[in-house]
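Let's take a walk through this protein and look at some of its local details. Have the sequence and the 3D view ready.

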Amino acid sequence: MSTLRGALARAKRYVLDPVARSELVTRVRFAREVHQDVTLSQRDRYPLLFGTARDLLADVPAPTILSFGCSAGEEVLSLQDYIPGATIVGAELNRARLRQCRRLPPHPNRIFVESTAATIAAHGPYDAIFCMAVLTRRPHTVEAENWRSIRDFYPFDRFAGTLGFLASHLRAGGLLVVEHTLYRVEDVAGLPLRAVTGPGTYPAKGPRFDPAGDRIEPQPVVSRVFRKVADTG
């Protein structure tokens, strides 16, 4: 009976909540591409990392920045506050969220695009890529239920493949900034990225898993800011 009630509650939510409905549609339509299928976001969510990137980009007069998985545009607006001279590309798979982005007041230094390989490549290369709470999969559930393995739920190869793609569209010396991942960037072999020591290195928020999908214990210290050290493209 409780299972039936739960199913009815979810069905009601999908009918009444347009955000939940858009997340379900995205989950089905982009099953092979999507990582995190919940689009929660807010303005100025990562002030430490935004400020760190601003300082590291101080010598780049007009950087081009990609917000990968920009949800309803809050991250793009926040980055404009921190780096007002930047051109910022917000890329989003969820089409309902993308429509919200495009309803924001127009600005000459920002553009919102569907998150496909072709559109991301067309607007690059980038001086910085922000990938915040994207390369993950329902982390609150994973943590609350104390999962010991995510091997089948969210395989490492999907995480690694997307990181490789993003790194290929960074300029040499460009920054990759990540947060709330279930795997560690450092565990992806062959990436032309090196961790930037400093404010972005501290204990992981939530569980982390090794490339086999098994939980790492104790909770590791992870890096969140990386610099591209070679242009391999």
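## Two cis prolines

Pro 125 sits in the loop between α6 (117-123) and β4 (126-132). The peptide bond leading from Gly 124 into Pro 125 is cis, with omega near 0°.

Pro 218 belongs to the loop between β7 (201-203) and β8 (221-223), and the bond from Glu 217 to Pro 218 is cis too, omega again being near 0°.

## About the model

This is a predicted model: local features need pLDDT of at least 70, side-chain atom pairs count only at pLDDT 80 or more, and totals for chains, interfaces and linings use all residues. Residues are numbered from 1 along each chain as its sequence is written, and side-chain values use heavy atoms, leaving out hydrogens and water.

## Positive phi

Ser 71 isn't a glycine, yet its phi is positive, about 55°. You'll find Ser 71 in the loop between β1 (64-68) and α4 (74-82). Its relative accessibility is 5%, so Ser 71 counts as buried (under 20% relative accessible area; exposed is over 50%, partly exposed in between, using a 1.4 Å probe and protein chains only).

Arg 138, in the loop between β4 and α7 (139-144), has a positive phi near 45°. Arg 138 is partly exposed, at 31% relative accessible area.

## A charge over a ring

The charged end of Arg 224 sits over the ring of Tyr 202, 3.5 Å from its centre. That label requires NZ of Lys or CZ of Arg within 6 Å of the ring centre and within 35 degrees of the ring normal.

Note on methods
Helix = DSSP H or I, 4+ residues; strand = E, 2+ residues; numbered from the N terminus.
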